[in-house]
Amino acid sequence: MDGNRLFGLALEAAKASYSPYSHFRVGAALLCSDGTVFTGTNVENRSFGLTICAERSALLAAVSAGRKDFVGIVVATPDADYAVSPCGACRQVLSEFMPPEAPVVFGASLEKKVETTMGALMPYDALHELGQKA
Ligand code: THU
């Protein structure tokens, strides 16, 4: 899947954002190994701590559809004038399924984006062996 196309899907997903409190729309496009893409957006709540970020929306939709083979993610933040990185909670949740080498791209636009990896966003990641036990 072409990176620009994935960015376009993330931008499109941001249009569905429910963000009446922050007015900050976010869209995520999560790529599976066979090219399937799951998108998500941020869904805020008047009990602020219950807000779900776009990254976790996309991931929950994908896992709910039976997928876990994620090879990359793009996060688009069209309301920012600089690249806004995934929050700590999303880094932790994404790292449950995404290998350290998986590309993570985030940006306000194609011109203002950062390309990094899951491993760079989650150094000293640990405890994956807990999931290997029967
Ligand atoms: N947000 C995301 O959805 N993903 C990010 O990577 C950054 C933050 C959302 C949460 C909240 O709805 C709004 O952006 C402002 O923090």
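This is a predicted model: local features need pLDDT of at least 70, side-chain atom pairs count only at pLDDT 80 or more; totals for chains, interfaces and linings use all residues.
Local features need pLDDT of at least 70 and side-chain atom pairs pLDDT 80 or more, while totals for chains, interfaces and linings use all residues. Residues are numbered from 1 along each chain as its sequence is written, and side-chain values use heavy atoms, without hydrogens and water.

View A. Residues with a heavy atom within 4 Å of the ligand are Ser22, Phe24, Val26, Asn42, Glu44, Thr51, Cys53, Ala54, Glu55, Ser85, Pro86 and Cys87. This shell divides into six nonpolar, four polar and two charged residues (nonpolar: Ala, Val, Leu, Ile, Met, Phe, Trp, Tyr, Cys and Pro; charged: Asp, Glu, Lys and Arg; polar: the others, Gly among them).

View B. For alanine 54, a backbone N or O atom lies 2.9 Å from an oxygen atom of the ligand. The protein buries 80% of the 370 Å² that the ligand exposes when taken alone (Shrake-Rupley method, 1.4 Å probe).

View C. Threonine 77 is in the loop between strand 3 (70–76) and helix 3 (88–95) (DSSP runs, numbered from the N terminus: helices H or I of at least four residues, strands E of at least two). Threonine 77 is buried, with a relative accessible area of 2% (buried is under 20%, with a 1.4 Å probe and protein chains only). Beyond its neighbours within four places in sequence, threonine 77 contacts Phe24, Arg25, Val26, Tyr82, Val84, Gly107 and Ala108 (heavy atoms within 4.5 Å).

Definitions and conventions:
Buried means under 20% relative accessible area, exposed over 50%, partly exposed in between (1.4 Å probe, protein chains only). A polar contact is a pair of N or O atoms within 3.5 Å; within protein, one must be able to donate a hydrogen and the other to accept it, and residues adjacent in sequence count only if both atoms are side-chain atoms.
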